[in-house]
Amino acid sequence: MNCSENDPLPIPHAWYQSGDILIGGIASQFVYSQHTIDFKEHPSQGLFEAPIMVIKYYQHILALAFAINEINRNPQILPNISLGFHIYDSYFDLKLTYRTTLGLLFKSQRFIPNYKCETQRYIVAIIGALGADISFHMVDILGLYKIPQITYGSFASEKRDAAEFPAFFRMVPNEAHQYSGIIQLLRHFMWIWIGLFAADDDSGEHFLKTLEPLLSQNGICSAFTERIPNQAQWDNLGDINNIVSNIYKPFTNSKVNIFVLYGGPLTMTSMNTMLFLGRAGYMENQLFSKVWIITAQVDLTLTGIQRSWNFDLFPAVISFTIHSKELKGFETFLQEIKPSQMQGDVFLKEFWEQAFNCFYLDPEDTMMDSDTCTGEELLESLPQPIFEMTMTGHSYSVHNAVYAVAHALHSMCSSRSNHGTVLACRIVEHKDFHPWQLHPFLRDISFNNSAGETVSFNDKKEIGAGFDIMYIVPYPNRSFRRVKVGRVDSAAPKEKQFIIHEDLMVLPLSVCNDYCHSGFHKKKKEGEQFCCYDCALCPDGQISNQKDIEDCIKCPDDQYASEGRDQCIPKIINFLSYEETLGISLASITILYSLITVLVLGTFIRHRITPIVKASNQDITYSLLISLLLCFLCPLLFIGVPTKVTCFLRQPAFGIVFSVAVSCVLAKTITVIVAFMATKPGSRIRKWVGKRLTNSILLACSLIQASICTIWLGTSPPFPNIDMKSLPREITLGCNEGSVAMFYIVLGYMGLLSVISLTIAFFARKLPDSFNEAKYISFSMLIFCSVWVTFVPTYLSTKGKYMVVVEIFSIIASGAGLLGCIFSPKCYIILLRPELNKREQLIRRHY
């Protein structure tokens, strides 16, 4: 067929280098402002006016040319065969991407789709593109012809099924590694209050849908989410003011110091434009403490019209970048680039003019001025946002992609040769070669690149590596310092999946509110995200020894919380001891009253033949004194470390002994009344006067209490107990009464006896004084009842060893009341007024 000489849509930018075998390339360099078509002229005439170049991305093209030249000089790869390349630009436009992709397949000098005009070398593979949309639109065409496509940009692989497109390869890791790395980075620095910026396209939507659930699962909140429009889509200048004002609103939140920025190759230029346009009305210092976390597709780049700008609104940047390593000879290759020496590179003229802010003269114009390009400008003099002399991650991927195609060709040629040589690769000049034959060799490729690193594809046809983490600090002179501070790689051993060197960075906090310090826990704020909370002091008995703890930790029973609620302190073991002042004092008082009781008993025994002793009913008196002596000795069972024996004995012994004492008092009282009633002529009560009545009362009343105590000890006896809960800071060693009901039955019975004694004594108080003890008994029982009535509420309201103190005090006080009120008047007469201790005196007083 005779091909037409006219190209309906000529592409102005291309770079062609001839070779036996060609590798195609689709770069992303230029952005054009597309105007509405008015049909007054051919659309192609105004389509490529005033191109805007992302200058730094020119390195991607240079990396491809550098790799081709290396391979052609290397006799170990495809000997006797030269590689060439043909590169077009995508112009960040989907329609033009279709045009340039078809141009690679069917055009040498003229373009007719599906027809190969003139002599066309074989394009065995195409490297490209940088962005997701451009790459997937290329797949639509290349997939029809089964031509291998190797992308070098990082984007979501979930958008296309790898099995659906067998010719689609990715020279970058899976983007999911970045999501994991962002989460681990935020958790490592405890950044829980962040802002999200994402490109307003399908990739940005996928990023947000994937990352936001991960943030919630890891206790991180996004204070806001902003979508960034693509600068190439700004058709209406009237919308720019609204876009700029919206993008600045998030910066007013002073608590958000961490911004996560996800986007594509043009996102940073769009973001920088919006920040630049709104800069005059905004407080710049509000951004100086912010840290930007950017993903691999976002780079600190400037277009030709932005070349005088800087990145001072990005004071600190943590960047996830595609792994790269410096290649020997690449920097020298860049230094040697001169416009006069780069034949066939149409990109170079535009790059040179926009990078160095100069222009080339028309051939007819001989007048030169300061803005004229000389061609001797140095690339190393350009600031880093314009052009970098070190190889970037994307350029490294392009370089590896070229080598992957070359090694796949080498393997295919070797497999076709009977002699193991690559002479059979001449077959590509014939019709029996098809690009799909390269697929299995690409899938299985594994080689060491010129930097010494192994390159191979995983089962998803992507590089199974991770991402480097770079810390970038821009300077006012439009340069920046880039330091590798870590790495994220999910395929690495667990301890190496996330590595970060935080000592190389100076970073702020980013929280909705200050951390809850030790001793406090989080308390949710109503109506706010879970990252915003109040700090509440831990309750009694609970602590927190970490920052930002959700719930306080309960101290063990044998420990208590410190004042600051930040540690558990062992409780003090406490009991009423003989070694403390209170224990010594009570023991001393107990012994003192015991000695007094012994002295009183001795005095009564010594003066037993005196009238006042005889009139007191000696047996009951001795029984009462002995029981009081035992009562005063009972407190010794309550002092000291509780044991099984002391716990078993002390309450029953106290109950029985006191019941005997009260029974003696009751017997005494009844004896007094019966004695005076028996003095009446003809009284039948005389037969009751004597020891039989008193002994009966004493034994009966005492046996009832003894029976109660026997039942108590037989069913639920007291036992030693360790009480850790009654007092917050003490462990009390005491006795568990076994049955609280039985304990109060014992007290109740003793109270009943005392009330009966008090009542009888009260009615007998007006009998003649000479033989009447009822008045003294009334006072003693009044004291006794008062003590034990106040004992119950006091005992119930105290805790720990002081319950024992209350009981000991009640025992001593009630016993002292009985001893003092009943026996002190008699001892006074016996010892101090012996002249009154005569029968005549007693009878005289009676009458």
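Visitor: What makes the disulfide of Cys-538 and Cys-552 left-handed?

Guide: The torsion about their S-S bond is about -80°, so the disulfide is left-handed. The model is predicted, so local features need pLDDT of at least 70 and side-chain atom pairs pLDDT 80 or more, while totals for chains, interfaces and linings use all residues. Residues are numbered from 1 along each chain as its sequence is written, and side-chain values use heavy atoms, leaving out hydrogens and water.

Visitor: How do you know that Cys-538 and Cys-552 are joined by a disulfide?

Guide: Their sulfur atoms lie 2.0 Å apart, and a pair of cysteine sulfur atoms within 2.5 Å is called a disulfide. The link spans distant parts of the chain, 14 residues apart: Cys-538 is in the loop between S20 and strand S21 (542-543), and Cys-552 in the loop between S21 and strand S22 (553-554). Strands are DSSP runs of E with at least two residues, helices are runs of H or I with at least four, and both are numbered from the N terminus.

Visitor: Why does Cys-552 count as buried?

Guide: Buried means under 20% relative accessible area, exposed over 50%, and partly exposed in between (1.4 Å probe, protein chains only). Cys-552 has 13% relative accessibility, so Cys-552 counts as buried. With 2%, Cys-538 is buried too.

Visitor: How many disulfides are found in the whole structure?

Guide: A search finds seven. One of them joins Cys-221 to Cys-531, S to S 2.1 Å. The torsion about that S-S bond is about 90°, so this disulfide is right-handed. Cys-221 lies in strand S10 (residues 221-228) and Cys-531 in the loop between strand S19 (520-524) and strand S20 (533-537), so the pair ties together parts 310 residues apart in sequence. Both cysteines are buried.

Visitor: What makes the link of Cys-512 and Cys-532 right-handed?

Guide: Here the angle about the S-S bond is 95°. Cys-512 sits in the loop between strand S18 (498-500) and S19, and Cys-532 in the loop between S19 and S20, 20 residues apart. The sulfur atoms are 1.9 Å apart. Cys-512 has 7% relative accessibility and is therefore buried; Cys-532, at 2%, is buried as well.

Visitor: Why is Ile-626 called partly exposed?

Guide: Its relative accessible area is 43%, so Ile-626 is partly exposed. Ile-626 lies in helix H15 (residues 618-633).

Visitor: How do you know that Ser-544 is buried?

Guide: Its relative accessible area is 0%, so Ser-544 is clearly under the limit. Ser-544 is placed in the loop between S21 and S22.

Visitor: Which residues does Ser-544 touch?

Guide: Leaving out residues up to four places away in sequence, Ser-544 touches His-517, Ser-518, Gly-519, Phe-520, Cys-538, Ile-549, Arg-565 and Asp-566. Contact here means heavy atoms within 4.5 Å. A polar atom of the Ser-544 side chain lies 2.7 Å from the backbone nitrogen of Gly-519. The backbone oxygen of Phe-520 is 2.9 Å from a polar atom of that side chain.

Technical notes
A polar contact is a pair of N or O atoms within 3.5 Å; within protein, one must be able to donate a hydrogen and the other to accept it, and residues adjacent in sequence count only if both atoms are side-chain atoms.
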